[in-house]
Amino acid sequence: MTSGTLHAITAADGPAALPRLNGELVFQAPWESRAFGVAIALHDAGAIDYEVFRSRLIAEIAAHALGHGTGEDGSGYYERWLDALQHVLVEREIVSQAEIGERAAEIAHAWAHDHGHGHDHHHDHDHPDGEEGE
């Protein structure tokens, strides 16, 4: 990415402006910074055009604001970022909506079975759904 493009992304104002606190980018959770990084990496690789993504992001923010308010505190911004990114990736046929759904289900399943043990989930104890050490 050229420094001009990076500056344009991080300095954007208006509805697509990145959440900031004291001038620094703000991420409320690790997945938000990952979603940001994925979009930037896809742009760097030439897979997505940032202006197309930005336009979609603005549309997602506007659509969400109609039903849920503006979210002046920045909450929900990266949910809209992710929605916009997924839309652009599907539209460009980089991934399908089915692939996104399948991967989301895999992640949700893994999170549901992650008990914070810090290792693979191969040990004996009962699971509420009857699965054994998947």
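**Rings and a pocket in a predicted model**

Reader: Why does Phe27 count as partly exposed?

Author: In this predicted model, Phe27 has a relative accessibility of 30%. Buried would need a value under 20% and exposed one over 50%, so Phe27, at 30%, falls in between and counts as partly exposed.

Reader: And why does Tyr78 count as buried?

Author: The relative accessibility of Tyr78 is 1%; because the cut-off for buried is under 20%, Tyr78 counts as buried.

Reader: What makes the pair of Phe53 and Trp81 edge-to-face?

Author: Two values have to be set against their limits here. The ring centres of Phe53 and Trp81 are 4.8 Å apart, and since centres within 6.5 Å make a pair, these two rings are paired. Their planes stand at 75 degrees, and because an angle over 60 degrees counts as edge-to-face, that is the name this pair receives. The pair joins distant parts of the chain, with Phe53 in helix α3 (residues 50-68) and Trp81 in helix α4, 28 residues apart, and both residues are buried.

Reader: How many aromatic pairs are there in the whole structure, and why is the one between Phe27 and Tyr78 called tilted?

Author: The search finds eight aromatic pairs. For Phe27 and Tyr78, the distance from centre to centre is 5.3 Å and the angle between the planes is 40 degrees; stacked would need under 30 degrees and edge-to-face over 60, so the pair is tilted. This pair also links distant parts of the chain, as Phe27 lies in the loop between β2 (24-25) and α2 (30-44), while Tyr78 lies in helix α4 (residues 77-91), 51 residues away. Phe27, Tyr78, Phe53 and Trp81 belong to one aromatic cluster, which also includes Phe36, Tyr50 and Tyr77.

Reader: Which residues lie nearest the centre of the largest pocket?

Author: They are Leu82, Gln86, Ile100, Arg103 and Ile107, out of 16 residues that line the largest pocket, whose volume is about 660 Å³. The elements that give two or more residues to this lining are α2, α4 and α5 (97-112), and α5 gives the most, with seven residues.

Reader: How do the residues of that lining divide into nonpolar, polar and charged?

Author: There are twelve nonpolar residues, one polar and three charged. Among the residues nearest the centre, Leu82, Ile100 and Ile107 count as nonpolar because Leu and Ile are in that class, whereas Arg103 counts as charged and Gln86 as polar.

Definitions and conventions
Residues are numbered from 1 along each chain as its sequence is written. This is a predicted model: local features need pLDDT of at least 70, side-chain atom pairs count only at pLDDT 80 or more; totals for chains, interfaces and linings use all residues. Side-chain values use heavy atoms; hydrogens and water are left out. Rings of Phe, Tyr and Trp (its six-membered ring) pair if their centres lie within 6.5 Å; planes under 30 degrees apart count as stacked, over 60 as edge-to-face and the rest as tilted. Helices (H or I, at least four residues) and strands (E, at least two) are DSSP runs, numbered from the N terminus. Buried means under 20% relative accessible area, exposed over 50%, partly exposed in between (1.4 Å probe, protein chains only). On a 1 Å grid over the protein atoms alone, a cavity is a set of points where a 1.4 Å probe fits but cannot get out, and a pocket is an open set with protein on both sides within 12 Å along at least five of seven lines; lining residues have an atom within 4 Å of a point. Grid points are joined across faces, edges and corners, and a volume is the space filled by probe spheres set on the points.
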